[in-house]
Amino acid sequence: QIVWGEADGLKLLDVINPQSYREFILDDFDDSRIPLWMVNAEVSLDNDGTLQVLWIPDTSTHELATENSPFTFTSPLLVPQQQEGILAVVETPHAPKKIVKDSDFGLRYSHFTHGWDLSLNYLYHYVDEPVFSARIDGATVIVSPNYERSHLLGSSASNAFGDWTFRAELAYETNRYHRTNTPLPGNLRANQWSSVLGLDFQGWRDQFVSMQWFQTSIIGKRTDLVKNQKEDTLSLLWEMTFINETLTLSWLQLHSLDHHDGLSRPKIRYNLLSSLDLIASADRFYGHSNGLFGQFDQTDRVSMGFEWGF
């Protein structure tokens, strides 16, 4: 697993490893990232910087929830909608398979100076989200999910100022495909900017507060998009520890300012033994079914479990 970027909860630069969406984004990223076979070379430079070179012949892509499972994608933001009076058949996604020709390639330069952790990133890769195209076969529309290349250029920065830590991340992506309201295939190809600004506070004893503002912007004048040309999402994470840090209470809130939907995640973790943690959590989605989070409004749940290290 290779992790780029400074964002938590949603991803901008952290797109090297595909992700399992069998439970949407509820799994911890360390567990939901799909490991890849790759060559990862890091070279120390004379100016105290580090150059990372990646060659990724592994062409694995996202694992989506199976059809009719609780976390199957249904939002028009992500998948084509059935047109009334039209019979549509969705084929199996055609993932890239050629080890050399379909490899991904990445570069990352990182440097620490005057308290700032800085990075410049470049990734030439197949986007792990399928793009839907369509063709007519008699009276049937055949929908084919395929994968398309993109160039990602990005940077990240972070610095601590007393009790506060500032984090920023910026990404420019070429040839991204976005859902439109036109009949199948209903795609628009366009470049996009994405950014996140984060602020962490640790000035209260045994507490940690993190706030983030995510924004994506499709470049150029675009019409008939399912989503807005510019979209904003806010996140809040509040953690508190008790009993000599053996008991942790946390609350994660994600909220879309455009679609007015989101996710609330209260969680309790108790360190019963040095190798055993007990966990209880709740996941509550809210909002309209067309939204990224609102599509799972009927899948709210309470979970209990444990983590045992050995």
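This is a predicted model: local features need pLDDT of at least 70, side-chain atom pairs count only at pLDDT 80 or more; totals for chains, interfaces and linings use all residues.
Let me begin with a term: a residue is called buried when its relative accessible area is under 20%, exposed when that area is over 50%, and partly exposed in between.

A search of the whole structure turns up 16 aromatic pairs. Take phenylalanine 24 and phenylalanine 73, whose ring centres are 6.2 Å apart and whose planes stand at 85 degrees, so this pair is edge-to-face. Phenylalanine 24 belongs to the loop between strand 1 (20-21) and helix 1 (29-32), while phenylalanine 73 belongs to the loop between strand 4 (63-64) and strand 5 (87-90), and the pair therefore ties together parts that are 49 residues apart in sequence. Phenylalanine 24 is buried, at a relative accessible area of 4%, and phenylalanine 73, with 19% relative accessibility, also counts as buried because the cut-off is under 20%.

Now let me turn to phenylalanine 201 and tryptophan 204, where the ring centres lie 5.2 Å apart and the planes are again at 85 degrees, so that this pair, too, is edge-to-face.

Which residues do ring pairs link into a cluster? They are Tyr21, Phe24, Phe71, Phe73, Phe285, Phe293 and Phe296, so the phenylalanine 24 and phenylalanine 73 pair that I described, with its edge-to-face geometry, has both its members in that cluster.

Finally, there is a charge to mention: lysine 11 has its charged end over the ring of phenylalanine 29, 4.6 Å from the ring's centre.

Key. Residues are numbered from 1 along each chain as its sequence is written. Side-chain values use heavy atoms; hydrogens and water are left out. Rings of Phe, Tyr and Trp (its six-membered ring) pair if their centres lie within 6.5 Å; planes under 30 degrees apart count as stacked, over 60 as edge-to-face and the rest as tilted. Helices (H or I, at least four residues) and strands (E, at least two) are DSSP runs, numbered from the N terminus. Buried means under 20% relative accessible area, exposed over 50%, partly exposed in between (1.4 Å probe, protein chains only). A charge sits over a ring if NZ of Lys or CZ of Arg is within 6 Å of the ring centre and within 35 degrees of the ring normal.
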